[in-house]
Amino acid sequence: MSPLAAGLLGDLDPTSDRAVFRQIADHLREAIDRGRFREGEKLPSEAELVEHFGVSRMTVRNSFSILQGEGLVHAEHGRGVFVRPRPPVRRLASDRFARRHREQGKAAFLVEADAAGSHPGVDSLEVKEEKAGQDVSARLGAVRRVLVRRRRYLLDGKPVEFATSYLPIDIARGTPIAEPDPGPGGIYARLEELGHHLDHFDEEIRARMPSPAEVRTLRLAPGVPVIHLVRTAFDTDGRAVEVCDTVMAADAYVLSYQLPAT
């Protein structure tokens, strides 16, 4: 046994019918869960694990592949395998669209970035008019055309989500909402200035594995799922004024909700 792994990793069980590479993955996973290897810390090298467990390099690589598929670690070429950071952003459903943030000139993403101590950014911005798809049309009350705002959000230069907003043409055309930069507070502040005071939001959330395009857009590591959220914003007259379709890197967020007891 190598001195490196003493006290960090257990031994293989030769009587187990569980494959050796899976046993090694189990030991590494347990060490990560117990905090023996912290976020961003490098795991023992292939050579160290080969020496410790008395196995081949291919066996160790298969173990690393399991952990990468689970999203627990990521490999950096020429440097090694590292524990992936935990989600940096806590997305507070009960607070992120509070009017006070808009009145301070802050859109929801900026509020979350500030709370996480990260630098926010937006790129891949596209604003155009399109024919409404069937689902979006139904959510917005059978509209035919919509103003579409597509953008990618970044934290500290790393892509974390891609969002597409759909707004009825009769609301958005010819307003700051149709500009690349809608101004302080974002499009919700502009909607309220246009008389559409926001009343509530309906959100549908599911987790799934990403499409190849989403992997490229969000630069996702192998095994990292996405959170797919569709939100509909309603004004005080009960009209749906925006549908926002958002795909988020699941390793970048914790979704936090407060639910009433009665």
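**View 1. An open, antiparallel sheet of six strands, in the order 4-5-6-9-8-7**. This is a predicted model, in which local features need pLDDT of at least 70 and side-chain atom pairs count only at pLDDT 80 or more, while totals for chains, interfaces and linings use all residues. Residues are numbered from 1 along each chain as its sequence is written, and side-chain values use heavy atoms, leaving out hydrogens and water. Strands (E, at least two residues) and helices (H or I, at least four) are DSSP runs numbered from the N terminus; two strands pair if DSSP finds at least two bridges between them. Strand 4 (120-131) and strand 7 (198-208) stand at the edges with a single partner strand each, so one side of each has no neighbour in the sheet.

**View 2. Strands 5 and 6 run antiparallel**. Here 10 bridges join strand 5 (residues 145-155) to strand 6 (residues 158-168). Look for leucine 154, whose bridge partner in strand 6 is proline 159.

**View 3. Helix 5 and the glycine that follows**. Glycine 117 comes after the helix and has a positive phi, near 70°.

**View 4. Tyrosine 257 in the segment after strand 10 (253-256)**. Tyrosine 257 has 41% relative accessibility and therefore counts as partly exposed, the class between buried and exposed, with exposed meaning over 50%.

Notes: Buried < 20%, exposed > 50% of the residue type's maximum accessible area, 1.4 Å probe, protein only.
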